[in-house]
Amino acid sequence: MRLKFILRRFHEMKNSASMLLLSITLTSLFAYPASAAVAEIELVIKDHLFFPATLEIPAGQKVRIRIINQDSTPEEFESYELNREKIIVGNGQAVIFIGPLEPGRYPFFGEFFPKTAQGVVIVK
Amino acid sequence: MFLNAVIIVLQEILEASLLISVLLVFTQLFHKIWGKSFSLKTSWVAYSIILGIIGAGLYSHYTPQVSEWFDYVGQEVVNASIHIGSLILLLILAFVVPSKKITGKLMTRSRLTTFCMTGVVLLAIIREGSEIMQYVGGIAGQSGNFTPIVFGGIIGAGIGLSIGVLLYYGLMSLSIKWAYRLGLILLMLIAGNMGSQAVLLLTQADWLPFTPIAWNTSALLAEDSILGHLLYALIGYEATPSILQLVCYLSGMIMIAISPLFRKVQPHNQSLAGTN
């Protein structure tokens, strides 16, 4: 009777141990993308200007820039330093991933209205 | 506004116009090398331009919807697909042209080559044309913008087409051997660039992992200099390419280099020098 009880406890323990292992594996599997979740920065285009005109991001990290164009005209986000180029339709939005980057200044501009639409990404 | 319109339209037109020139040179070279047995009708250019403009109109019309796909990276995915499609067509072209050893099914080969050339130019016009249409269509409607943008655009397009015509006649003025060699080098660079651009776009969309930059030549030749722009349009020059871009660029070049299109230069060298 006692032996049976011990055996059962042992089985339970084994089960719970394997469950624990399984749950750790699963958690780590699903947690991986979560832990690698990318920080998002919002960049607004209004009256052919970027708000904010200066974006600060940490070095060595990937960042998602969500560009929201509040003008009715399209704009093209362009940066030679960041190697990025993308049209954002009028009253639309777009997502651009940048980084991981080395510390430094990375200017960007709106190719369709370059006189006013100027900005810089500062990586620290 | 005027000067900006010139530059934007010039950039986009230049890529397509240089591509058309190189492929037209090959159309003429095939005719000279193979005679009637492997001759392509130059009318493929007209078809590709007309279809390309229609396609560009459709793409630019649907860009607001497309850009929302895949959590707002739809444009990158579609444009990268266009680049990959163009690269595949270029490779098919390079592998179906007859060589000294393989000369069978010339009719099928010439049809397939024509199809690939049409396809590559069509895709280039869809991609570049839709950007012009979005720029002109989206901004020329604003008061006071119409005249500078339309005239700037016409001038930009004129310069872009002129450079293409210049490249075409420049290459055609050479001996067949050298026209072929230079055309081939340009085609290799164009193919490499297509692979590299696809990688860049998919990295921007976070569909491909980040890879460190291979080098930084921005101090040597800035991308926003005139030569930088020209080289960008012609061979996809970038001051800071990533390692993955470089790998794909080289792969595209190597694929052309192992194709019959590349090998054919050698055996025909001597005989061609006489015919020119």
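Which residue takes a positive phi near 60 degrees in the hairpin of β5(A) and β6(A)? Select A:Asn83: this residue has that positive phi near 60 degrees. Four residues lie between the two strands of the hairpin.

A word on what you see. This is a predicted model, where local features need pLDDT of at least 70, side-chain atom pairs count only at pLDDT 80 or more, and totals for chains, interfaces and linings use all residues. Residues are numbered from 1 along each chain as its sequence is written, while chains are lettered from A and ligands numbered from 1 in the order in which they are written.

**Stop 1: the hairpin strands**

Select β5(A) and β6(A). They pair in the antiparallel sense over five bridges. Strands here are DSSP runs of E, at least two residues, and helices are runs of H or I, at least four residues, both numbered from the N terminus. Two strands pair if DSSP finds at least two bridges between them. Strands of a sheet pair through backbone hydrogen bonds, either parallel or antiparallel. Now pick A:Glu76. Opposite it, in β6(A), stands A:Ile87.

**Stop 2: across to β8**

Click A:Glu78, and look in β8(A) for its bridge partner, A:Phe109.

**Stop 3: the whole sheet**

Select five strands of chain A in the order β3-β9-β8-β5-β6. They form an open sheet with mixed pairing. Find its edges: β3 (54-57) and β6 (84-88) of chain A each pair on one side only. On average, neighbouring strands of this sheet are turned by 20 degrees against each other, direction ignored. The angles are taken between axes, which are lines fitted to C-alpha atoms.

**Stop 4: all of chain A**

Of the 124 residues in chain A, 31% are buried (20 or more other C-beta atoms within 10 Å of their own, with C-beta atoms placed from the backbone).

**Stop 5: the contact with chain B**

Turn to where the chains meet. Chain B gives 25 residues to the contact and chain A gives 20 (two residues are in contact if their C-beta atoms, placed from the backbone, lie within 7 Å). On the chain B side, select α5(B): its five residues are the largest share.

Methods:
Buried ≥ 20, exposed ≤ 12 C-beta atoms within 10 Å, placed from the backbone. Axes fitted to C-alpha atoms, helices over the stretch in contact; angles between N-to-C directions.
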